[in-house]
Amino acid sequence: MSSQDLAQVAADPQARGIGERLYLTYCVQCHGADARGAKGYPNLADADWLWGGEPAAIKATILEGRQGMMPPMAQAVGSAADVENLAHYVMSLSGGGHDA
């Protein structure tokens, strides 16, 4: 899927399913099952993005983490395609810029 562009991956139900499973494995502990965030962790289901809600910004957060807030998750999540799928799933939670 890494050869597909952003819109193609966002429209792929299999990629969304992979992203959802990755979210439930690696992100739910801090951001919650409903993506509304636990105490001290950002709500991913609204349109208020601390570090930018564009796909590139979400991907950078997953890859590099945020100092003092979120550790880098890329190694835990897996391949570059897994990071991409997870970023698209997170985008879909707030309805922003996601082509379901």
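## Close-up views of a predicted model

View 1. At 1.5 Å a residue, the 14 residues of helix α2 (residues 13–26) should span 20 Å, and the end C-alpha atoms are 20 Å apart, which agrees. The model shown here and in the other views is predicted. Asp12 caps the N-terminal end of α2. One of its side-chain oxygens lies 2.8 Å from the backbone nitrogen of Gln14. The buried residues of α2 are Ala15, Gly17, Ile18, Gly19, Leu22 and Tyr23. Their cover includes α1 (6–10), α3 (28–31), α5 (74–77) and α6 (80–94).

**View 2. Helix α6, a mostly covered helix.** Of the 15 residues of α6, 11 are buried. They include Val83, Glu84, Asn85 and Leu86. Ala87, His88, Tyr89, Val90 and Met91 are buried too, as are Ser92 and Ser94. Among the elements that cover these residues are α1, α2, α4 and α5. The helix length also checks out: at 1.5 Å a residue, α6 should span 21 Å, and its end C-alpha atoms are 22 Å apart, which agrees. Gly95 follows α6 and has a positive phi, near 75°.

**View 3. The largest nonpolar core.** This core has 19 residues. Which of them touch the most other members? They are Tyr23, Ile58, Ile62, Val77, Leu86 and Val90. Two or more residues come from each of α2, α4 (55–64), α5 and α6. The most come from α6, which gives six. For Ile58, leaving aside neighbours within four places in sequence, the contacts are Trp49, Gly52, Gly53, Ala87, Val90 and Met91.

**View 4. The aromatic pair of Tyr23 and Tyr89.** A search of the whole structure finds one aromatic pair. Tyr23 and Tyr89 form it, with ring centres 5.5 Å apart. An edge-to-face pair would need over 60 degrees. Tyr23 lies in helix α2 and Tyr89 in helix α6, so the pair ties together parts that are 66 residues apart in sequence. Both tyrosines are buried.

View 5. The cut-off for a disulfide is 2.5 Å between sulfur atoms. Cys30 is likewise in no disulfide. Over the whole structure, the search finds zero disulfides. Cys30 is partly exposed, at 28%.

View 6. Ala35 is found in the loop between α3 and α4. Its phi is positive, near 65°, although Ala35 is not a glycine. The residue counts as buried because its relative accessibility is 1%, and the limit is under 20%.

**View 7. Thr61 on helix α4.** Thr61 lies in helix α4. Its relative accessible area is 14%, so Thr61 is buried. What is Thr61 in contact with, leaving aside its neighbours within four places in sequence? Its contacts are Trp51, Arg66 and Met70.

Conventions:
Residues are numbered from 1 along each chain as its sequence is written. This is a predicted model: local features need pLDDT of at least 70, side-chain atom pairs count only at pLDDT 80 or more; totals for chains, interfaces and linings use all residues. Side-chain values use heavy atoms; hydrogens and water are left out. Helices (H or I, at least four residues) and strands (E, at least two) are DSSP runs, numbered from the N terminus. The expected span of a helix is 1.5 Å times one less than its number of residues. Buried means under 20% relative accessible area, exposed over 50%, partly exposed in between (1.4 Å probe, protein chains only). Contact means heavy atoms within 4.5 Å. A polar contact is a pair of N or O atoms within 3.5 Å; within protein, one must be able to donate a hydrogen and the other to accept it, and residues adjacent in sequence count only if both atoms are side-chain atoms. A nonpolar core is a set of buried Ala, Val, Leu, Ile, Met, Phe, Trp, Tyr and Cys residues joined through side-chain atoms within 4.5 Å. Rings of Phe, Tyr and Trp (its six-membered ring) pair if their centres lie within 6.5 Å; planes under 30 degrees apart count as stacked, over 60 as edge-to-face and the rest as tilted.
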